[in-house]
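Hello,

Here is the structure I promised to pass on. Please open it alongside this email; my notes follow below.

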Amino acid sequence: MFTYSTKGTCSRQILFDVDAENKMHNLRFIGGCGGNLQGIARLVEGQDIDHVESLLAGVRCKGNTSCPDQLSKAITAYKASKAETAEE
């Protein structure tokens, strides 16, 4: 499970799994608006991470970011960590 610490949102962390086909699973937000974030988790379940990343990037709320925007940043960080692992 990948864990990302958010910046500038009510949620504090984002946790998710990615399968071998680049599909997102088990998305959880720690903190934040429970109903909205559960809805986002259900909508992205089984979706391609590249699609989710591009779809949610730039969604703004307070602080010039949002929980969806932070999810796109979490996916970017996940992909960077995978690239680093592949280089080793």
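Which helix holds Val-44? Val-44 is found in helix H1, which covers residues 34-44. Before going further, please keep in mind that this is a predicted model.

Val-44 is buried, at 9% relative accessible area. Leaving aside residues up to four places away in sequence, Val-44 touches Met-24, Leu-27 and Val-52. Asn-26 is 18 residues from Val-44 along the chain, and their C-alpha atoms are separated by 9.5 Å. As for H1 itself, the helix lies across E2 and E3. H1 runs at about 170° to E3.

**The sheet**

How many strands form the open sheet, and in what order? Three strands form it, in the order E1-E2-E3, and the pairing is antiparallel. E1 and strand E3 (24-31) are the edge strands, and each pairs on one side only. On average, neighbouring strands of this sheet are turned by 15° against each other, direction ignored. In general, strands of a sheet pair through backbone hydrogen bonds, either parallel or antiparallel.

Take E1 and E2. They run antiparallel and are joined by four bridges. Phe-2 has Phe-16 as its bridge partner in E2. Thr-3 has Leu-15 as its bridge partner in E2. E1 and E2 also form a hairpin, with five residues between them. In that turn, Gly-8 has a positive phi of about 85°.

Now E2 and E3. Six bridges pair them in the antiparallel sense. Ser-11 has Gly-31 as its bridge partner in E3. These strands form a hairpin too, with five residues between them. Here the turn holds Asn-22, with a positive phi of about 65°.

**The aromatic cluster**

The model has three aromatic pairs. Phe-2 and Phe-16 form a tilted pair, 5.5 Å centre to centre, with 50° between the planes. This pair links distant parts of the chain: Phe-2 sits in strand E1 (residues 2-5) and Phe-16 in strand E2 (residues 11-18), 14 residues apart. Both Phe-2 and Phe-16 are buried.

Phe-2 also pairs with Tyr-78. That pair is edge-to-face, 5.5 Å centre to centre, with 80° between the planes. Phe-2 in strand E1 and Tyr-78 in helix H3 (residues 67-87) are 76 residues apart, so the pair links distant parts of the chain. Phe-2 counts as buried because its relative accessible area is 17%, under the 20% cut-off. Tyr-78 is buried as well, at 11% relative accessibility. Ring pairs link Phe-2, Phe-16 and Tyr-78 into a cluster.

**The nonpolar core**

Which residues touch the most other members of the largest nonpolar core? They are Ile-14, Phe-16, Met-24, Leu-27, Phe-29 and Leu-71, out of 20 residues in that core. The elements that give two or more residues to this core are E1, E2, E3, H1, helix H2 (49-56) and H3. H3 gives the most, with five residues. In soluble globular proteins, nonpolar side chains tend to be buried together.

Met-24 is worth a look on screen. Not counting residues up to four places away in sequence, its contacts include Phe-16, Val-44, Ile-49, Leu-71 and Ile-75. Met-24 also touches Asp-17, Glu-45, Gly-46 and Gln-47.

**The cysteines**

How many disulfides does the model have? The count comes to zero. A disulfide is a covalent bond between the sulfur atoms of two cysteines.

The cut-off used is 2.5 Å. For Cys-67, the closest cysteine sulfur is also in Cys-10, at 6.5 Å, and this is too far for a bond.

Are Cys-61 and Cys-67 buried or exposed? Cys-61 counts as exposed, at 57% relative accessibility. Cys-67 is buried, with a relative accessible area of 14%.

Best wishes

Notes
Residues are numbered from 1 along each chain as its sequence is written. This is a predicted model: local features need pLDDT of at least 70, side-chain atom pairs count only at pLDDT 80 or more; totals for chains, interfaces and linings use all residues. Side-chain values use heavy atoms; hydrogens and water are left out. Buried means under 20% relative accessible area, exposed over 50%, partly exposed in between (1.4 Å probe, protein chains only). Contact means heavy atoms within 4.5 Å. Rings of Phe, Tyr and Trp (its six-membered ring) pair if their centres lie within 6.5 Å; planes under 30 degrees apart count as stacked, over 60 as edge-to-face and the rest as tilted. Two strands pair if DSSP finds at least two bridges between them. Axes are lines fitted to C-alpha atoms, for helices over the stretch in contact, and angles run from 0 to 180 degrees between N-to-C directions. A nonpolar core is a set of buried Ala, Val, Leu, Ile, Met, Phe, Trp, Tyr and Cys residues joined through side-chain atoms within 4.5 Å.
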